[in-house]
Amino acid sequence: MDNSSTILIVDDDRDIRQLLADYLESNGYRALAAADGVAMWKILDESRPDLIVLDLNLPGDDGLTLCRKLRATLPVIMLTARNEPLDRILGLEMGADDYLPKPFEPRELLARVRSVLRRSHAMPSNAPAENVQQMRFSNWTLDLTARHLVNPEGIVIMLSGAEFRLLRVFLEHPNRVLNRDQLLNLTQGRDADPFDRSIDIQISRLRQKLGEDARMPQIIKTVRNGGYVLAGQVTVEPTA
């Protein structure tokens, strides 16, 4: 039981909001609730929850739009009445940490909340300090504030939420081999599925954005029977 974490529930169904709020509070969490994106932003202006449970189908800006605007600043578990694989992929690409189709048992959501919080609170020992603004590697720059990549010529390269988190994990663990399970746990905040190939797809996209030769990549390298490694030196630049 975690008495220190605050969960923000964003769902236009009042009964669901109340049910989840009551259930989470009975399990030691503080719960906040919002019916739409406008109410969500108002709460975020006044407080900072530890995790957002975000419904996909909302009036006004839908869950995907809100998740994209959050730009991975907070852990997100996305809820939806639809159970289409494309919805799940889009949610993760927009920056969601986990995805739960309706209907679901509250205890299943509780297990996922605990899993996401456990991983988000388990900051890697060699992660940069909170006041770090940029991370530089191989003449590239990852801007942690704007959440985009800048190439050696100074051109901005946009990243999805999933790509940003994956690249940041690599930069926080330079010259260290990370396997798929570790990358899934560190980036998606959920129990790793040994058959989940999304990491391979995201790495392929990152390599493309880094201008890498897929056959002989120089920055994110493949280690046979081991995983992947970001090769080279990483430097950090604190916020001015």
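Close-up 1. At 14% relative accessibility, arginine 147 counts as buried (buried: under 20% relative accessible area; exposed: over 50%; partly exposed in between; 1.4 Å probe, protein chains only). This is a predicted model, in which local features need pLDDT of at least 70, side-chain atom pairs count only at pLDDT 80 or more, and totals for chains, interfaces and linings use all residues. Residues are numbered from 1 along each chain as its sequence is written, and side-chain values use heavy atoms, with hydrogens and water left out. Arginine 147 sits in the loop between strand 7 (140-143) and strand 8 (148-150). Helices (H or I, at least four residues) and strands (E, at least two) are DSSP runs, numbered from the N terminus. Arginine 147 is not a glycine, yet its phi is positive, about 60 degrees. Most residues other than glycine have a negative phi.

**Close-up 2. Asparagine 225, an exposed loop residue.** The loop between strand 10 (220-223) and strand 11 (227-230) holds asparagine 225. Its phi is positive, about 60 degrees, although asparagine 225 is not a glycine. Asparagine 225 counts as exposed, at 81% relative accessibility.

Close-up 3. Lysine 102 and proline 103 are joined by a cis peptide bond, with omega near -5 degrees. Most peptide bonds are trans. Proline 103 belongs to the loop between strand 5 (98-101) and helix 5 (106-121).

Close-up 4. Helix 6 (residues 161-172) reaches 17 Å from its first C-alpha to its last, close to the 16 Å expected at 1.5 Å a residue. That expected span is 1.5 Å times one less than the number of residues.
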